[in-house]
Every structure is written in C-alpha cells, then in structure tokens.
Amino acid sequence: EDGLDGWLRYASLPCSGQCQSKLPANIVVFNATETSPVYVAGSERQAGIQSIYGIQPHISHNQCKSSSSAIVVGTVHQYRKTCGSRDVPELEEDGFWLSTEANRIYILGQMNVGNFSEVSYSTNPSAPIRWVNQWDNIDGRIERGYGGPSIFFKDGAIISDLTRVRQYARLLSSIRINAVVVNNLNANATLLTPANLKGLGRIADTFRPYGVQVGISLNFASPEDLGGLSTFDPLDSSVISWWSNITKHVYQHVPDMAGYLVKADSEGQPGPQTYSRTLSQGANLFGKALQPYGGIVMFRAFVYNQLNESVWTADRANAAVNFFKDLDGEFDENVVVQIKYGPIDFQVREPASPLFANLFNTSTAIELEVTQEYLGQQSHLLYLPPLWKTILDFDLRVDGKPSLVRDVVTGKRFNRKLGGSAAVVNVGTNTTWLGSHLSMSNLYAYGRLAWNPADDAQAMLQDWIRLTFGLDRTVLSTITKMSMDSWPAYEAYSGNLGIQTLTDILYTHYGPNPASQDNNGWGQWTRADHTGIGMDRTVSKGTGFAGQYPSEIAAMYENIDTTPDNLLLWFHHVEYMHSLHSGKSVIQHFYDAHYSGAETVQTFLSQWESLKGKIDDERYEHVLRRLEYQAGHSIVWRDAINNFYYNLSGIPDTAKRVGHHPWRIEAESMQLEGYKAYTINPFETASGSVAIV
Ligand code: BDP
C-alpha cells in the first residue's frame, strides 16, 4: 500500500462470496484494439471486478444478442451500428449512460470516453475544459511540486520509461479529466525541438487510450530564442509563420493535441507588451495557429509584474481586470482566459476574482491549485474543496442577476461554448504522487468538481475515503472530520480575517514570515504597522479594487459593516482594536484564532492514532509522520504570528498566553551537545529570536 493506485485500489469487498453471484461473468467490448479507450475501459472493469470480487470476467467483442449476463461497454454509435436502435438519453460530448436491464449492464458513452460511479443514470459534463496543469521543467524539477521529480522529463528530454505516465492517465481518466498540460508555464522553448516533440508524441500515445489529451505551455519568445528570428512580435509575419509551422510539427507528433497554455507578460516572462501589442493580439497569434487543428489556447489572466518602490501605492489585485476588461470580445473563439480563483495568488482566503464579472464575450476558465503551494506544501493536511466552493458558489450579481462563478466559467451565464477549469496538480515520482496520501483527496475532488461544480465537498471526500481506505465507519468518520476541519484550522493559524496566508512571500511560500508581506516587490501586502493592519481596497479611500465588482458586490465590500469578517483585512485597513461583528477586537481574534487553529491540529494526531490497525501500516505510518510534523509546525505558526503582531501592536493578549510561556524551556537554555545557538531572522520564527542548529 504505497499509494501508487490512489483511489483505484479496487480493494476486496467484505461480502465473502455473496456479492459475486450477482455479477455478469462476461464483459462485451465493442472494440478489439487494445489502445482504444473503449477497450481500456473494458479491461479496467475486468481488473476491478477481479480485484474486488476475486473472479475474472471474460472479455468478448461485438456480441449483441446473447442470453448470458454481461457488462456491455461501448459508444452509443458502436452499439447502434452493431446491435440496432435503442433509446438513450441525450448525451453531450464525453457524457455517458448507465443502465441495468435484466442480466445486462450497459455503459454507453457519447464518445470513446466515459465513466460511472452510480447505477442507472446518464450524466453530462458541466463544461468541456477539465484540464490539469503540471509545472514540470524539462530538467525534471517541478516548480511548486512536493511529490518528487517529474514523471515526464529528465535532463532536458522526455523520460524513456513512461509507466508512471500511464498510471497517471488512469487516475486522471477515472475522474474525467480530459487534458493535461505537461510542462511548466514558465516555459522552456526547447520543448519544441524535434527530439522533444517526438517524445511528446510518446507521452500523448500513453494518455490517449485513457481519453486524456495532452497540451503544452509555450514561451512567447520562442521564435527568437529557439527559432533564431530577430523578433517575437506577434504581428510580424515571420513570427506568425514560425508559430504556424511549429504548430504543424506539434500536430504531426500529437494529432489530437488539446492546445497551448500561455503565460505572457507576467513575472518576467516575455509577451506581446514588449512590442506594445495587446494581450489579445498575443493570444490570438496562437489561436490562429491552432485553429486548423481544433486546438484551444488557455491564456492566463495572471498578468502582473514585480513592482518597484515608486509604485508601492499600487495594488496587484487590480491587475487582471485592468489588463483584460477592455479586451473583452477581442479574443478569438478558441481562446479561453484562464483566471486564478482570487485576484492575488492561491491564498488561504481570497474574494472571487472580479475578472469573472468583467468578461462577457470571452470564454473563461477558473484556475485552482491542488498542489498546496501557500497552503502547507502537503506537509499540512488541507482538504481544499470547501475553499474552492467559496469561489465557485459565489454570486457576483452581474447586472443584478444571479451570476455564480461556476455558471460563468462553465459558459452558462454568458452563453459561451467553451469554458471550464484547470488545476495545477504537480504530481511527481513519489508513490504517493503528491507527497502525502491524504492530499490525494484534493485531486480526486478536483476532477469531480470539474465535471460537476455543484458537487458536495463532504460527499466527494467520503467517496474518496471509501475508495482509498475501505468501508470501515470509524475510518470514514475520522478522516472526514479531520479533512473538513483542516482548511478552517490552517486559516486560523496562518492568516485570518482575509489578511492572506502570511507565509514567506519572497521565495519559499512556506512557513510563517509576516514581515515579508510588506514592502516587497511582489505586491502581496498586509500594510501592518504599529497602529493597524489591512489593505484599504475601497474606492473612496483605498486602491479602488472593490469597485471592480458589479455594483451590489462593490457596495458590500466598500462598506466595512457589510464586509464579512473573513475578508475584513482584504478590503479595509483598521486599527488593531477595531471591533469585529463578533464583538472581539481584531488583535484578540488573531491571538485566539492562532491558538484554536493550532489546537485543532493537535487533535488530528490523536484522531489518526485511533485508526491504528484499521489502515495498513505503510500508509498509517506515512500519514502519522506528517501529522506529527504538522502538530509541531502549527505551534511554530501560532507563536510566530502572535509574537509578531504582539511586538508590532504592543497590545497584550487578554488571555495572557502570547509572550507568556511559564512552562516552556527554551532549547538554548538546555545543555547542548553538538548544537549551537543562533540568533535568527525572521526573529518571530523562534522564541527569543534564538534557534539551535
Ligand atoms: C506563483 C508561483 C510561481 C508561478 C506563478 C504563476 O509561485 O511559481 O509561476 O504563481 O502562477 O504563485 O504563474
């Protein structure tokens, strides 16, 4: 039980011989080619039944009429062609239908691909774009990846043994993901060399039987960097033909390539602005190159550049709307603007990006992050769907009408054909994929939400727990409780009241470092000083960000009384003694929340320990180590943040905990053998600024 099979373990059921008898002994598959998705779906059923029930059903082909019981797997078209007409509910692309009739179970897809998790129903995806992004560099390292090196690349080339890629395809297919962008969006142009395109073809061949397409990230300056042209101006004819030629080569190797992902003019990446061209001119360059092949451009809205001191009054949160609003309607039909869920960057709590409410004639997709970049990097338990739901279910009230973010990105609200979601996943070669067994619930639930963003966070979690750890009720209730409490706990001991995550912002994005959150060029600021804290983003007194929302929402955030407490410091700068709706002061809330969040995490450990013997030792021990670490690190978080703000504000904790640790023995006061005491920076990460090393 090393985690490699994820939620596809097919553990045997404890029904000792009783459930087998009801199962059909045959699987009928309408395609005998072993690489066809229909065949793969049939053999996956076979493997599952064998592993779960201990019997091996026989696979046969194109058999319509037979009195023997069977599971019939195919497309509606294949079925009708071979066996004649039958009524099937209306199915959209990728939709499928499942029906039990007499002694046969029919699983018929609209296309080659489709899955099921319940009996007797038909289901269609909410949106056509259900992608994952990998930030894999072709040297094999993964940007913001915590599960080991890349399964795709090593030393500048594509790995020769793609076994792990096939296993990843299987997992992604089971959650109905339909495309994966395999390389980092801080892209290296050498992915486009002939040898690497050939390798990309092998990757695509590995994903194809599972119905998962491949996409790639591009570096905007490739015509110059790789092609040797003197320009990468998107309107220059030599640049246009360079991209159309390269695209032709890409499709020669990957005839069903999903499309391109482009990060341009952001964080130092090249883009059209170098030539004073608009972002839509940049995006359409790729739209036109892909159009003959049916490919899609995912063009990122995460466009901002590092700020310098002179613009420290600016607000990075304003950037996306400022850059994109006026370009609405100027993007080609096959361009989708990919928007991070919040206006800053995958923080523990953000308001929904206002860009979702500013593009009406442009297709959009939401970008989520499964890899826990700012959120504990898989060393902290954090079940993410409750956070994602605060955005997906948020009503932006465009034109005073219901406008849930999920209805915007699925194309329903503004009647767009394209749309959907992408999640940064960053699995690696670690057998746990993400670095921690429990974080796989996030990947599983992401796929479920991409198919149906209205799915319930706890219900998805429990399906994942049953598949991953079996049917034991204590296991189910314990992991449910820990996971559902995990995001509120992390928010409580990292950054609450909408102040952002308070991690180190300069590079690692890990561990407490509130001092780094101000006066940095990255524009993630808390504006904390001796008297108060929070970014004033109102129109009347602040950066104007609140005004980027439709009027009802803008008015709610403009007014401090109607701003929810959990986003108070995102929108307003207040004194530390400002009273929250709860009646507590901001500073006392900080102190209390950091204590209660860290306390919740201590219980994760004992809750998990109660499962010893109910879970295989290998996974039990692995999770236990993580939770032990988290229990300690949550206390580091608690004390670092509380000491920092106590030091800054000078306001004591009414419960007399912050700064008072009568029971604590400082490590540097002990007799040290082989350790030395050092004064450290930032000071708040060790009590008395001293750590031993
Ligand atoms: C930031 C990450 C950085 C990414 C960037 C992006 O720290 O590694 O390149 O986002 O999404 O959060 O482009």
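Analyst: Two residues are in contact here if their C-beta atoms, placed from the backbone, lie within 7 Å. The model is predicted. Counted in that way, and leaving out residues up to four places away in sequence, V405 touches A352, F356, I366, I391, L392, F394 and L396. V405 belongs to the largest nonpolar core, which has 191 residues. Together with L172, V180, V214, V262 and V297, V405 touches the most other members of this core. The largest share of the core, ten residues, is supplied by helix α16, residues 586–609. In soluble globular proteins, nonpolar side chains tend to be buried together.

The domain assignment gives domain 2 as 129–136 + 159–189 + 207–455, and domain 3 as 470–535 + 573–660. Domain 1 covers 20–123 and domain 4 covers 662–693; the C-alpha centres of these two lie 63 Å apart.

The ligand has a shell of another make-up: three nonpolar, two polar and six charged residues. Among the residues around the ligand are E143, R144, K263, E267, D345, F346 and H509.

Strand pairing can be followed around β5, residues 104–109. Strand β3, residues 70–75, runs parallel to β5 and is joined to β5 by six bridges, with R104 as the bridge partner of A70. Strand β4, residues 96–101, is antiparallel to β5, also through six bridges, and W97 stands opposite L108. The hairpin of β4 and β5 has two residues between the strands, and A102 takes a positive phi near 45 degrees there.

Technical notes
Residues numbered from 1 in each chain as written. Predicted model: local features only at pLDDT ≥ 70, side-chain atom pairs only at ≥ 80, totals over all residues. Near = placed C-beta within 6 Å. Nonpolar A, V, L, I, M, F, W, Y, C, P; charged D, E, K, R; others polar. Domains from an automatic or database assignment. Core = buried A, V, L, I, M, F, W, Y, C linked by C-beta atoms within 7 Å. Buried ≥ 20, exposed ≤ 12 C-beta atoms within 10 Å, placed from the backbone. Helix = DSSP H or I, 4+ residues; strand = E, 2+ residues; numbered from the N terminus. Pairing = 2+ DSSP bridges.
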